[in-house]
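Please go through the structure below with the report that follows.

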Amino acid sequence: MIRIHFTAADLGRVVFPAEPEPLWEAALAARVLGDRAIPPAARRWRRVAGPRVRPSMRPLFKLIAPGGQFPDFLTPVVEAPGLEAAVEVLCDTPAEVVRDQLGPWLPAQVEPFMEGLLAGRAGSRRALGNAVREFHQQVLTPSGSELERRYGADLALRSRALLLGGVDAMLNGLHSDITWTSPVLTSYGLGAGPTFDIRLEGRGLQLYPSAFTAECLALDVPDRRPVLVYPCADLFLDEADDTDALADLLGRTRATVLRALAASASTTQLARRCGISLASTSDHTRILRAAGLITTHRAGGTALHSLTATGHHLLRSPTEPAAVRRVP
């Protein structure tokens, strides 16, 4: 069980990453490839992704314990967006931090890669960085658009809960295994076990929805905003369905674009989620905007697209019972 203790200041410092973070995705996905307690969506993903794993990715898997734990330094704070920036921060982890977090759990004799990582050697750092990079490119990227849609759809649910019911409603509706009784957020986990207390004390909390876990995971290190990873809502229908009323109405690609906007996105984010070109994305958003289904505003030179009330209603019609449906 995890108990997170809030102060009044922490309620105003609850945040979500705007999109999946590369190192969290790598750690959680690598973990799920060896973890049995995972949600159905992750089991389906594992059957497809498992064969893509290569021996060159072993340095990443060496940091995932048999029980699913991984060191805090594998998911550092990364200020700049993108995989390369994240890998650079990971490879710059001080050797003393690696030793503090891994040393107590390792046997006296370790393999050359781990020995080099503990010593801060450049070769081991490069091997880890290359493993994460290749894992993203070969294992995560082929299913990246669906993973982003799942992540975005969960954020849309939290945004709506916050809009309609405030922070209390948003925290209380995160997951069936999570309860909010102010000032404590409690995750009960999958079984009996020790209780961990996290006292935010003004640091706030980052919430991270993931399709790769069936239980909540927490990160709490000094001088950093704690993180709670929770199972994201499984909003996609996975059974085969030849009828798609929304696609019949709008066209398949345009319906995909509308569904992908369950969470607001820039044109670039939207193109990535849907797997289409920027030009095609701009064309579809123009038509959806003209139809009153989305709205677009500019901030700092970036176009941000969001559903209108009519767009939300269309996605929540009887043909879209879960707000977002998986598009083949």
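Ser266 has Leu304 as its bridge partner in strand E11. The model is predicted. Strand E9 and strand E11, residues 302-307, are joined by 2 bridges and pair in the antiparallel sense.

Which strands form the open sheet, and in what order? There are 3, in the order E9-E11-E10, with antiparallel pairing. Strand E9 (265-266) and strand E10 (294-299) are the edge strands, each pairing on one side only. Helix H13, residues 278-290, packs on this sheet. Helix H13 touches E10 and E11, and its direction makes about 120 degrees with that of E10.

## Strand E1 and its partners

Strand E1 covers residues 2-5 and pairs with strand E4, residues 184-187. The two run antiparallel and are joined by 4 bridges. Within this pairing, Ile2 has Ser187 of E4 as its bridge partner.

E1 also pairs with E5. Here the strands run parallel, again over 4 bridges. Arg3 has its bridge partner in E5 at Asp197.

## Nonpolar cores

In soluble globular proteins, nonpolar side chains tend to be buried together. How many residues make up the largest nonpolar core here? The count is 46. Trp45, Leu117, Val132, Phe135 and Phe212 have the most contacts inside this core. Helix H2, residues 22-32, gives the most to the core, with 8 residues.

Another core, of 17 residues, lies apart from the largest one. Among its members are Leu185, Ile198, Cys216 and Leu228.

## The largest pocket

Rolling a probe the size of a water molecule over the atoms shows where empty space is left. The largest pocket has a volume of about 1200 Å³. Its lining counts 40 residues. Which of them are closest to the pocket centre? They are Gly68, Gln69, Phe70, Leu217 and Ala218.

Several elements contribute to the lining. H2, helix H6 (95-102), strand E5 (196-199) and strand E7 (217-219) each supply at least two residues. E7 gives the most, with 3 residues.

Technical notes: Residues numbered from 1 in each chain as written. Predicted model: local features only at pLDDT ≥ 70, side-chain atom pairs only at ≥ 80, totals over all residues. Heavy atoms only, no water. Pairing = 2+ DSSP bridges. Contact = heavy atoms within 4.5 Å. Axes fitted to C-alpha atoms, helices over the stretch in contact; angles between N-to-C directions. Core = buried A, V, L, I, M, F, W, Y, C linked by side-chain atoms within 4.5 Å. Buried < 20%, exposed > 50% of the residue type's maximum accessible area, 1.4 Å probe, protein only. 1 Å grid on protein atoms, 1.4 Å probe; cavity = no way out; pocket = protein on both sides within 12 Å on 5 of 7 lines; lining within 4 Å. Points joined across faces, edges and corners; volume = space filled by probe spheres on them.
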